[in-house]
Amino acid sequence: MSILRRRKASETEKASKEDTHKETKYKGVEDEKKDKISKRKVEEKKKKWSCIDSCCWLIGCICSIGWFLLFLYNAMPASFPQYVTEAINGPLPDPPGVKLQKEGLTVKHPVVFVPGIVTGGLELWEGHQCADGLFRKRLWGGTFGEVYKRPLCWVEHMSLDNETGLDPSGIRVRPVPGLVAADYFAPGYFVWAVLIANLARIGYEEKTMYMAAYDWRLSFQNTEVRDHTLSRIKSNIELMVATNGGRKVVVIPHSMGVLYFLHFMKWVEAPAPMGGGGGSDWCAKHIKAVMNIGGPFLGVPKAVSGLFSAEAKDIAVARAIAPVFLDKDVFGLQALQHFMQMTRTWDSTMSMIPKGGDTIWGNMDWSPEEGYACNPQRQRNNETQVAGQSGTEGLSYPKRVNYGRIISFGKEVAEEHSSKIERMDFWDAVKGNNLGNTTCRDVWTEYHDMGWGGIKAVGDYKAYTAGSILDLLHFVAPKMMKRGDAHFSYGIAENLDDPKYNHYKYWSNPLETKLPNAPDMEIYSMYGVGIPTERAYIYKLTPAAECYIPFQIDTSAEGENEGSRLKGGVFSVDGDETVPVLSAGFMCAKAWRGKSRFNPSGIRTFIREYDHAPPVNLLEGRGTQSGAHVDIMGNFALIEDIIRVAAGATGEELGGDRVYSDIFKWSDSINLQL
Amino acid sequence: MASILRCRKLRYVEPVKCSTLGLESLETLKSSDKAEGGASAVVVNTINRSLPGKRRRRPTNDWRYIDWYCWMVGYLCTTWWLLLLLSHFLSGFQAPESPGSKLKREGLKALHPVVLVPGIVIGGLELWEGRPCADGLFRKRLWSSSFTENFRRPLCWLEHLSLDSVTGLDPPGIRVRPVTGLAAADYFAPGYFLWTTLIENLAKVGYEGKNLHMATYDWRLSFQNTEVRDQSLSRLKSKIELMFVINGYRKVVVVPHSMGSLYFLHFLKWVEAPAPMGGGGGPGWCAKHIKAIMNIGPLFLGVPKAVSNILSSEAKDIAFARTMAPVVLDSNFPGLQTLEHIMQVSRTWDSMMSLIPKGGETIWGDLDWSPEEEYNCDSEWKKNLKASSRDQSHKTNISDGQLGFRVKESVKFGRIISFGKMASKLPSSELRTFDFKDLSCGGASTKSNSSCGEVWTEYDELSRESIKEVAENKVYTATTILDLLYFVAPKMMRRANAHFSHGVAENLDDPKYSHYKYWSNPLETKLPDAPAMEIYCLYGVGIPTERSYVYKLLPSDQCRHIPFRIDSSTGGNNGRCLRSGIYFVDGDESVPVLSAGFMCAKGWQGRNRFNPFGISTYIREYRNKPPTILFEGRGLESSSHVDIMGNVALIEDIMRVAAGANGVELGGNRIFSDIIKMSERINLRL
């Protein structure tokens, strides 16, 4: 204690020295005061105590309170939150793992998880100066702490090379391996964790579970070129089959992982230089079932808006609420531009551009979802609640929505009949050099090269369907699409036996590949329904501002009545918030059903839909019956299905198809040669 | 409440006063204070302090204990932060160039894939299925990382870490599995690095996930059981094959540490053995896939520490702790029988038995002889004395005299355990011989069981008389120690016998040696047919290392389950070799030089029956140099068993080999200790 006091004294001495220095000035001004000496003394003393001490006191106080709370938190039994939840909500149902364990299910087939885009973690292996000390720390996933600390550095490290789509020189960012790669995206935000925990209940562990983590920024073939990820997945699946007594694996891809695994199935059977050289019966020998969760087989319209203007519904809404923050050049941060620059270097985003063109997604006047009653939530409520509302619902029917026009400029264009729209071809438009280039700091997006003339031409074309959207993207982002064209294709094959389809760029497009020859395999399409999902957008040109992305979702475009499909410039259809039902279900509902040219060996397909029910209250977290794209991973019904299949059940034993949406009706209206 | 708030607010305002220098602000603030003065008592007090001459004594009352406490905490915190900040900057300035960036400048690039094999206790373990008491710990680490959960429920924790005492596998209802990937053993606890430094340096020259692999396994299991339960060996095989292929058919460099070297020895035999028991890789597998094995701190011949661990679950550290604070460990704290619990848990771990000294008296010495016999325990100390106390020359003289006297009386390291200090020094002729067969292992004393809590150790089943018989003035060598262990822990040794062997092979072609229990004993296996392969022994020297123990028998006490204990009162007077009941030799703090170096120095040297295809071996020793300043952390030139992983010279050697160099290019052997002399003294038929 005495030491402490002495230390304190020396510290305060310093302070008082300063004070006396100031005091001299003070004296000069105020020498009339008679009791100044004593006063000063006391004042000094007071200051000695007050200045630094009170700081210390405050810090100490805060620290102690913090420690105390931490202690309380740590002393709290781990199951405490559960008690609270149960007290309020009543007892929770058994998690599916426990339930099925009681039924006597045990581990049988090894499972392979294939995570989707953005949910997998990425870590730094080599970086520039600014990323010192981040070696093997997560750049993506986890707390994202670095994004706030050094945003520009982060963007630099997360970007890929603009030409090759591989690492920029001197930077190596690699996927996190193992189950930790994607069990939680951020602390507390589960992705695979719930499924893993439930599988563990019936006996799964690391030797029977494998997370096929890959760098989701790269194009699929490039993951093999750079990291040999496909080879690793192949070797791991072979190992798991061998060590588990020859039992085939159950593969569970999620989101973009679905396309990745489609690519893998073609790759593994293709001959060696381009493929994995596994031979034509590899899939039949090693895979029991592919259980796709929320698979964007035919792409998602969201990807278009993401590439086109780096915004999706969420960002558009945020912009409507706080226009200043995102639009204006706050603190020199051009958030969206930076973000766009970064995402455009990621080849994988191009794998999700809508595939199949007008045949699948509809043309100017027709779309498969035609006549879709928009708000399913409301509709369902009607059945139980007031019947009177159905009247107003009926009103919105006659007005058809042209979902086929994925991007239209202006609300009128979106609703007008096609014959009334005058469209100007934009290909001839001259891309003027933009003078504003230099004033826009160093953020570079390809829009700068386009010039005002080009931008205007794009706007004049008025409406874009799934087919012409590709032309649009080629026009506005030629560099990106050049890379994209080398790795992905978005068409429909005329003749699947054409040797050109041996190229890897077709492998992730289900409409241009045949499924492998594995008649015992099963393909499941499991996805959520009952949530409005982005399907088409209304855009507007932003006023001539050289530094911004020239296109924006027109958030002011609203539907007339409340139940409208148009909200904040976005037309919605049924889906899981990200993937429309059409994209997730069509392949299993029609194109692969029975024996078709896409499925020559007659692999059985099953559709399992999960109706969305939002969590009852906050305590339930993200809900056990959610149908949202990521939250569905915590859906008990889905987990139960997966566990049953992993424990040996077939699709028929699960109950075959389970459909809530109009997917079969829509599929029928699509005129695709099978 | 309001007054407190006000008070705090005022204090908060005051610093502003200090910083605003002008008179006006000072005056206005003061007057505002005055104006508010009537509001509450506390405010009055603070103002009283600011007014002159009225009540000088009041201020002291203001600072009550809580204030004092808060002030102190705040003060400490602030200084701590300042120091942290300072050290942060300083370390930034002082950090010498890491071997990784140095070699990168030299132009080294990642060439051969690298496989890291961690040792005992340093790999992480996580929970996959547990009892209700471990709720919420699913996939949390039970072992390594922060251990915080474990302090909250120690018994639950111990229960989950134990294995089944009969099978050596999982107890029913509990599944604890190794953490996979590099994260498994890069840090043991936050801030306590293991492999991190090496990984970081390897990454500098281009290593990453595709050519760097951590072969994790459950280090509690016997080696063959890791394959039975987790298929760890198969996974390692497939991983090596994969890395070999995707890296352009380049062989791998394996870097095992500590017990990992035994594990990998087992793997070498397993992978070439035919399928049901082995991996079925065929006889050319190692030659095809492995370039070099760089054992860090290997314990090919076991460590004496393992014996004391099994016998009384104490090692040097615990013996020291006991002398310091006898109360904590000795007295039977309510319900806490720390050592007994630890013993019960660690005895279920089969892997502990792989560490028992191998080779018996041939290697470790008999009652009168030991290979280290001429080791001068005082060399280190003498150096210190010369350096530090020149002025006290008379003292040095005295100690020199003592030294000369003592060297004649050589320490009998061969007696790994002796009961009583006298027994450790007596000539062998005066020692009684003793046959375990005479003893009846009756469960005579089981009656005490019920009163002593539910901690069960096998000692409870031994009768007091037999324990006495075992202990009285007996000494045990590396061979007879096995009998002793058999006697005190029959169950454990029965399991161990199925998985490990500790002898020396007479005839290596005997078909019995194709059983897996011999695979981790280098004295009972042949190295594979891979003449191009290289084996390195990289280990630290210059740190006193436990070699043999002086035990004592504890007085009969019903609840004291461990009847033996290291006699920490012995030693210290003149023999520096003997401290707190332990004789020390040269080594890396855990592994004596003999165990780490003998195989490379002699057992496998050239072409002999253990190494029929002439795999070249190299010894690289690293002398200990403790960190000079605090900021250096655990030292860049440390050579202790674990810290050596941060040794720059070692890292450089590994990186050079990984980048394609061979042993000769590294500079061949690099020896500081007497390992060659010691090895020569060992009479082993080659």
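Colleague: Why are helix 4 of chain A and helix 24 of chain A called oblique to each other?

Modeller: In this predicted model, the axes of helix 4 (residues 96-103) of chain A and helix 24 (residues 636-646) of chain A cross at roughly 40° and come within 9 Å. Axes are lines fitted to C-alpha atoms, for helices over the stretch in contact, with angles from 0 to 180 degrees between N-to-C directions. Angles under 35 degrees count as roughly parallel, over 145 as roughly antiparallel, 65 to 115 as roughly perpendicular and the rest as oblique, and the two helices are therefore oblique. Helices (H or I, at least four residues) and strands (E, at least two) are DSSP runs, numbered from the N terminus.

Colleague: What makes the contact between these helices, and how do its residues divide?

Modeller: With contact meaning heavy atoms within 4.5 Å, helix 4 of chain A contributes Pro96(A), Gly97(A), Lys99(A), Leu100(A) and Glu103(A), while helix 24 of chain A contributes Phe636(A), Ile639(A), Glu640(A), Ile643(A) and Arg644(A). Ala, Val, Leu, Ile, Met, Phe, Trp, Tyr, Cys and Pro count as nonpolar, Asp, Glu, Lys and Arg as charged, and the others, Gly among them, as polar; the residues accordingly divide into five nonpolar, one polar and four charged.

Colleague: What makes the pair Lys302(A) and Glu534(A) a salt bridge?

Modeller: A salt bridge is a side-chain nitrogen of Lys or Arg within 4 Å of a carboxyl oxygen of Asp or Glu, and the distance from N to O in this pair is 3.9 Å. The pair links distant parts of the chain, with Lys302(A) in helix 12 (residues 301-309) of chain A and Glu534(A) in strand 13 (residues 531-541) of chain A, 232 residues apart.

Colleague: Why is Lys302(A) counted as buried?

Modeller: Buried means under 20% relative accessible area, exposed over 50%, and partly exposed in between (1.4 Å probe, protein chains only), so Lys302(A), at 18%, counts as buried. Glu534(A), at 1%, is buried as well.

Colleague: How do Arg604(A) and Glu522(A) tie together separate parts of the sequence?

Modeller: Their side chains meet in a salt bridge at 3.3 Å, N to O. Arg604(A) lies in strand 17 (residues 604-611) of chain A and Glu522(A) in strand 12 (residues 522-529) of chain A, so the pair joins parts 82 residues apart in sequence. Arg604(A) is partly exposed at 30%, whereas Glu522(A) is buried at 2%.

Terms used. Residues numbered from 1 in each chain as written. Chains lettered and ligands numbered in written order. Predicted model: local features only at pLDDT ≥ 70, side-chain atom pairs only at ≥ 80, totals over all residues. Heavy atoms only, no water.
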